[in-house]
Amino acid sequence: MAEAPQVQVAGPPSGPVEGVVLHLDEPLSFWGGFDSASGEIIDRHHPQLGSSVAGRVLVMRTGRGSSSGSSVLLEAVRCGTAPAAIVMVEADAIVALGAIVADELYGVSLPVVLVDEAELAELCTGIRVNIDPDGSVRILDAD
Amino acid sequence: MPGTYAARVALHLTDDDVRRLDGGDGPAVRLAMRVVVRLAEALGAEELLDISGAHVDSCLYHGRAPLDFAERLAGDGAAVVVPTTLNVSSLDLLHPDLYRGDPGEGELARRLMDAYVAMGCRPTWTCAPYQLEDRPAFGENVAWAESNAIAFANSVLGARTDRYGDFVDICAAVTGRAPAAGFHLDENRRATVVFHLEGLMPGLLESSLLPHVLGTLVGSVVGNRVPVIDGVPDPPGEDWLKALGSAAASAGSVGMFHVVGATPEAPTLEVALGGRQPDEVVVVRSDDLRRTRDLLTTAVGSDLATVSLGTPHYSVAEIGRFVEALAGRNVHPAVDVYISTGRGVLDEVEDRGWAEGLRSAGVTIVTDTCTYVTPILRETSRPAMTDSAKWAYYAPGNLGVDVVLASTRECVESAVAGKVVLDDAIWTEGHFDG
């Protein structure tokens, strides 16, 4: 493609990560919008209110909202309610920091991968994808 | 599925950076530097830059994991190397009885606060550090977290901070370094989306509600792009800009905005746009703003249990306006009224004699924290009213409470009446004093 997408991994995975996509229609603020105890979206204004992000490959274009999102994401990692990976179009410090500190503090990998708009559009909710240690996203099966 | 992996931009580190990263300044600096460097890589920064101050959001309790991080840093002897202020916490240390949460959790929240103070941060406990005396000057690079504070620092002060999340705030404070990325760089500070206000009624233009609903609308349209607002008739003051930024940063991820004629990097629309054409122009009319207010209001009817004001923390001027609107009346005994503010503002409000007056009128003053981040509200099963779009945005999810968003004046009248009283004249008519 003409412009190489800035695919970067905030928390490089030790091995490939596999999971089922949850593609958010709107970005999510982890703080105030997500419950680290249950792994569910609790933002009453969010179209996917009530969906669980735990273990999913969470796809959202950009970040959103509160700086505390990093802390909530880290706590979700500790509680086992975090996504398996996060795929975004634009790098977001708040999301990246949760993943970076999860690795530094607990040695737990939460890859945050950047893709371009076209790739993002292909990642529909429900499909299974693989994320390689180099940050590339591969669709395993599409319904 | 294409999955191209672009090689990381090489991050240039100075000798001092390398020493910190290699543990030459001890394990705490090493950990802090690793976080700063890894964030710089994730953001595609080419180098780090010196910061002259920090505002730390990580002191609000969100569970054991962030506490583990803070205690690891503090236990390894971390100390801030630049003046560092602290955001709201989960506890009101001046009025500890207000906390209605689990006592065990309260103790952990206290431990988190202690860890940050032990690292040399100032116990300011406010989400409005720009209301303190020492605030960053135009052009100064700082590392601020807390979304409303970030928006204010960039937009109103003309200081430079990226949209930092928790952890890197303290790591930047401990190392004095931050990624040269985002809003630290000129090219990311120019506006790309224009919002033009058109035909707003004088009543709405004077209402405290305008920046809240406008900010919400702006944030939901721009996401993380930089907006410029044109057509605000009178140059708005800092409280207005604070409200706009806090709402925009909640509804979107706005880290910087311009208001033509009011913010320092927008003397004209052309300058705010950096001499280029905007990507998008949005015309804002009264009906759009009214719809935005309606979207943020989740309660129906006139039942009212709580009025919560001061998100972000009220300034002295805002408390003054509340006192004026209350006009010597008491609030209704069946309504709990909370005003959240910083300790520094409270000191001044005490000196002016307003605090005692507010307490005897039935108002509860909350410091060090905020009523939507920790269990303080006595009653959450019945509706709450607020003059803050940010509070309205987050409280239903955080507290499970239904909200009514209104102007400060409407909140005061409702608090006195003991039920929701809205004055729809602001949407249709001329003068409305509030």
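The C-alpha centres of domain 1 and domain 3 of chain B lie 29 Å apart in this predicted model. The bounds, from an automatic or database domain assignment, divide chain B into domain 1 (15–186), domain 2 (190–294) and domain 3 (297–428). Local features need pLDDT of at least 70 and side-chain atom pairs count only at pLDDT 80 or more, while totals for chains, interfaces and linings use all residues. Residues are numbered from 1 along each chain as its sequence is written, with chains lettered from A and ligands numbered from 1 in the order in which they are written.

**Domain contact**
- Domain 1 of chain B gives 21 residues to the contact and domain 3 of chain B gives 17; two residues are in contact if their C-beta atoms, placed from the backbone, lie within 7 Å.
- The side of domain 1 of chain B that touches domain 3 of chain B has 11 nonpolar, 8 polar and 2 charged residues (nonpolar: Ala, Val, Leu, Ile, Met, Phe, Trp, Tyr, Cys and Pro; charged: Asp, Glu, Lys and Arg; polar: the others, Gly among them).

**Chain interface**
- In chain B, 46 residues are in contact with 46 residues of chain A.
- H2(B) supplies the largest share of the chain B side, 7 residues (helices are DSSP runs of H or I, at least four residues, numbered from the N terminus).
- By class, the side of chain B that touches chain A has 19 nonpolar, 16 polar and 11 charged residues.

- The contact of H12(B) with H16(B) is made by Arg321(B), Phe322(B), Ala325(B) and Leu326(B) of H12(B) and by Thr408(B), Arg409(B) and Val412(B) of H16(B).
- These residues divide into 4 nonpolar, 1 polar and 2 charged.

Technical notes:
Helix = DSSP H or I, 4+ residues; strand = E, 2+ residues; numbered from the N terminus.
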